[in-house]
Amino acid sequence: MNMDWSFCEALATTNVGIIKLFLHIYDINCQYCIHFLERIAHSELMNIPDDIKIAHAIGLFHIHGHKDECLYRYATSYVPGAGIVDGEILEALWSVLNTVSASTRTASLAHRTEVLDDHMNDSNWKKMLNIGNHLTIHYIDVELTCTS
Ligand SMILES: [Zn+2]
């Protein structure tokens, strides 16, 4: 229910307007997406525009913990149009948080939470500052891939 709500709100609030094809990457999508559209259809609070298509995928870190058939159905490598994407976000932050977590081992729960939260906010801030360069680099990669 929370994932359904988050997904619908992301579609409704991120000005995706003309985009009609979405790649939804989630760690357990092979199970999650089975009744996804039914849940949305039966909900009074959630909505997905009728004219969009959703491709469900599983990130490349998590796909190897699934059955073999999940690999070919849901790995981003095999989803047409997905390009080259690992589909993982949080796991990339572990290396940074591992460095910080040692210093919070003896901290109180509140202090530990604040320190980790500060580092996550710092990571988000840096992503926001660099998103233009990031998208430009990936756009160039996509153009090169499509033309070769
Ligand atoms: Zn699976």
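Reply: Buried residues make up 7% of the 148 residues in the chain, where buried means that 20 or more other C-beta atoms, placed from the backbone, lie within 10 Å of the residue's own. This is a predicted model, in which local features need pLDDT of at least 70, side-chain atom pairs count only at pLDDT 80 or more, and totals for chains, interfaces and linings use all residues. Residues are numbered from 1 along each chain as its sequence is written.

The part to look at is helix 6, which covers residues 109–147. The chain has six helices and two strands; these are DSSP runs, with helices (H or I) of at least four residues and strands (E) of at least two, numbered from the N terminus. From that end, the order is α-β-α-α-β-α-α-α.

Helix 6 is hardly covered: of its 39 residues, the number that are buried is zero. At Asn130 helix 6 bends by about 60°, the bend being the angle between axes fitted to the seven residues ending there and the seven starting there.

Now the setting. An automatic or database assignment gives the domain bounds: domain 1 is 1–88 and domain 2 is 89–148. Their C-alpha centres are 22 Å apart.

The largest nonpolar core has five residues, Ile25, Ala57, Ile58, Ile63 and Tyr74. Such a core is a set of buried Ala, Val, Leu, Ile, Met, Phe, Trp, Tyr and Cys residues joined through C-beta atoms within 7 Å.

Conventions: A residue is buried if 20 or more other C-beta atoms lie within 10 Å of its own, exposed if 12 or fewer, and partly exposed in between; C-beta atoms are placed from the backbone.
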